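Please examine the sequence and the three-dimensional structure shown below. The report that follows goes through the salt bridges, the fold, the cores and the surface.

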Amino acid sequence: MVEIFGWFWTSAIVVIVVGTILMVIGIYNNLVRQRQNVNQGVADIDAQLKQRHDLIPNLVSTVQGYASHEKETLDSVIAARNTAAAGTPDSGSEQQLKIALDRLLALGEAYPDLKASANFQELQRELSEVEDKLAAARRALNAAVASFNSARESFPAVLFAGMLGFKPADFDRLDDSEKGVVDQVPNVAF
């Protein structure tokens, strides 16, 4: 009788230990999958920023043919692009680039021939498309971050996430240089 009782408790402990190990493995795999979604979101934003930076020289050269005396605007776009392309993308340099691009695109209004140019219209359409994709990539990143953080903070994952090395992910948000700027209508002046 004592032997059966000991066997029962030994079996119960083994089942609990194996169940806990399987649960931790499941939690770990889910958190890894969620973290990879966050990493992919960051990479998608970087890819869109690179595409934006690659498109700008084409847009500038197209505009230069029509508006050669608007050198200051063109130089500011080139300088903003070079600053934003150097090193890691930060929202301050990207905001300066966006302002410079808005000024450049406004040149189309001042020059009817430029506005009618198929090249300018195509580049303007591509740039608008890149900006839309960039906004979508930022929304996707924020959704992935919310999902990861929810999975990390839910029970029972919250018991093991810290021990397994999973830290909370950060949302894509405005930094101090963008606050108070993005909610205002851009001022376009030549």
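## Asp54 and its salt bridge

Asp54 is partly exposed, with a relative accessible area of 40%, where buried means under 20% relative accessible area, exposed over 50%, and partly exposed in between (1.4 Å probe, protein chains only). The side chain of Asp54 meets that of Lys50 in a salt bridge with an N to O distance of 3.1 Å, the term standing for a side-chain nitrogen of Lys or Arg within 4 Å of a carboxyl oxygen of Asp or Glu. Because Asp54 and Lys50 are 4 residues apart in helix H1, about one helical turn separates them. Helices (H or I, at least four residues) and strands (E, at least two) are here DSSP runs, numbered from the N terminus.

This is a predicted model, in which local features need pLDDT of at least 70 and side-chain atom pairs count only at pLDDT 80 or more, while totals for chains, interfaces and linings use all residues. Residues are numbered from 1 along each chain as its sequence is written, and side-chain values use heavy atoms, with hydrogens and water left out.

By the salt-bridge rule the count comes to 4. One of the salt bridges pairs Arg125 with Glu129, whose closest N and O atoms are 2.7 Å apart, and these two residues are separated by about one helical turn because they stand 4 residues apart in helix H5 (residues 118–153). Arg125 is partly exposed at a relative accessible area of 41%, and Glu129 is likewise partly exposed, at 36%.

Glu129 also forms a salt bridge with Lys133, with 3.8 Å between the closest N and O atoms. Both Glu129 and Lys133 lie in helix H5, again 4 residues apart, or about one turn of the helix. Through salt bridges that share partners, Arg125, Glu129 and Lys133 are joined into one network. Lys133 counts as partly exposed, its relative accessibility being 38%.

## Overall fold

Of its 190 residues, 33% are buried. Among contacts (heavy atoms within 4.5 Å) between residues at least 6 apart in sequence, 77% join residues at least 24 apart.

Ala137 is found in helix H5 and counts as buried, at 9% relative accessibility. Neighbours up to four places away in sequence aside, Ala137 touches Asp44, Ile45 and Gln48. The C-alpha atoms of Ala137 and Asp46 are separated by 9.3 Å, although the two residues are 91 residues apart along the chain.

Gln48 has its place in helix H1 and is buried, with a relative accessible area of 14%. With residues up to four places away in sequence not counted, Gln48 touches Val130, Lys133, Leu134 and Ala137.

## Nonpolar cores

In soluble globular proteins, nonpolar side chains tend to be buried together. A nonpolar core is taken here as a set of buried Ala, Val, Leu, Ile, Met, Phe, Trp, Tyr and Cys residues joined through side-chain atoms within 4.5 Å. The largest such core has 18 residues, and those with the most contacts inside it are Leu31, Val38, Ile45 and Phe148. H1, H5 and H6 each supply at least two residues of this core, and H5 gives the most, with 7 residues.

Leaving aside its neighbours within four places in sequence, Phe148 is in contact with Leu31, Gln34, Arg35, Val38, Phe166, Lys167, Pro168 and Ala169. A second, separate core of 12 residues includes Leu59, Val77, Leu101 and Leu123.

## A cis peptide bond

Most peptide bonds are trans. The bond from Phe155 to Pro156, however, is cis, with omega near 10°. Pro156 has its place in the loop between H5 and helix H6 (157–160).

## The surface

The chain exposes about 11700 Å², of which carbon and sulfur atoms supply 59%; accessible areas come from the Shrake-Rupley method with a 1.4 Å probe, and for residues only the protein chains shown count as cover. Ile13, Val14, Val17, Val18, Ile21, Leu22 and Ile25 form a nonpolar patch on the surface, together having about 620 Å² of accessible area. Patches are made of residues with over 30% relative accessible area and no salt bridge, like charges being joined within 9 Å and nonpolar side chains (Val, Leu, Ile, Met, Phe, Trp, Tyr) within 5 Å. Val18, one of the patch residues, lies in helix H1 (residues 2–66) and counts as partly exposed, at 42% relative accessibility.
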